[in-house]
Amino acid sequence: MPLSLCMIVKDEAFFLHDCLAAAAPHVDDLVVVDTGSTDDSKGIAAEFTDRVFDYTWHDDYAAARNYSLEQARCDWILVLDADELVTPDDFAALRRLTESTTQDGFFLQQRNYNNDQSAFGWQPAQDLTLSRGFTGFTVNPILRLFRNQPDIRYAGSIHETVDAAIAEDRQGTLDTPIHHYIDANPARPRSARSLRYLELMERELAAAPSGRLYSIAATSAMYHANDFARARDYFIRAAEMGYRPGHSLEGAAEACYRAQDFGAANDLYQRADAAGHRTPSMCLNRANLAVKAGDHQRAAALLQTCLDLGGLSAEINAVIQRNIEGLQAHSGKHSA
């Protein structure tokens, strides 16, 4: 089945050529909607497609996305941002899927590359060439591949989604990664963008509460506004609304941990664990809390679970292994 790639861009000259060069050989229709660039984004796009459109921006990402979807000519649509890539093998797999599936849309795994090993859900990159030198990434499942149907449209002026337009039993989830180089452009630091997005998200949340949006706002509040209380409250609201409850409870616990409210952090980590949710970073923080409580045997067990789940970077895993040995030796002395 033919595949359209639909994009919206503004001042994306830093990375746009790489994105389009990687995608153009693997799609049948390439739609680029420019929302007011002052750099050479439109010229770069024109090297790969004659389907470059202008759109007047008015603080509504969904409206711009939907305008791009209206231009698509093919049976299936893939949506990418200008700082994202899909590998040739994965493009081929997506095309094969669209030829046989009965589903209407698919979540892909957006890998947000960064070097912040303390980031919520961070995991090490195995291929530093593909990660473009970033040591790891966080993962955001995102619905980006769907049928070209007039009733499948985006909603939400900020961090827009198309999920609600597709019945849940018509959605699927793939392991296919979207490689997102969110921190690659030094001229556009993520912190400044995230604080602007946070302002827009809070405006939208006041009008239409959303668990997903609360979770995204919580992440911005924790990492870019350093407002841990706000992050905790937003993550808890996300969990209460049923949005990835274990993940959201872990986020609330990390916010408390960073605020040094260790009792609240421990309680929230326990709630996440009881829900069947465990990650390496969560086990590492719980181990540190166990050390603070003087329970070295418990700390060693949690650190071992961290490694069993894949650990963090090779350097941190080596430190964790040494700490396990030290904690076990300490426990052995006290039990002798």
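Start at R132. Its charged end sits over the ring of Y181, 5.2 Å from the ring centre. For Arg, that call needs CZ within 6 Å of the ring centre and within 35 degrees of the ring normal.

A word on the source. This is a predicted model, with local features needing pLDDT of at least 70 and side-chain atom pairs counted only at pLDDT 80 or more. Residues are numbered from 1 along each chain, and side-chain values use heavy atoms, without hydrogens or water.

Back to Y181. Ring pairs link Y181, F15, Y113 and F137 into a cluster. Rings of Phe, Tyr and Trp (its six-membered ring) pair if their centres lie within 6.5 Å; planes under 30 degrees apart are stacked, over 60 edge-to-face, the rest tilted. The count comes to ten aromatic pairs.

Take F15 and Y181. That pair is tilted: 5.3 Å centre to centre, 40 degrees between the planes. F15 lies in the loop between β1 and α1, and Y181 in the loop between β9 and α5, so the pair ties together parts 166 residues apart in sequence. F15 is buried, at 5% relative accessibility. Y181 is buried too, at 2%. Buried means under 20% relative accessible area, exposed over 50%, partly exposed in between (1.4 Å probe, protein chains only).

Now the helices. α5 (residues 190-207) packs with α6 (residues 211-223) at about 145 degrees, axes 9 Å apart. Contact means heavy atoms within 4.5 Å. From α5 come S194, L198, M201, E204 and L205; α6 brings residues including Y214 and I216.

Definitions and conventions. Axes fitted to C-alpha atoms, helices over the stretch in contact; angles between N-to-C directions. Helix = DSSP H or I, 4+ residues; strand = E, 2+ residues; numbered from the N terminus.
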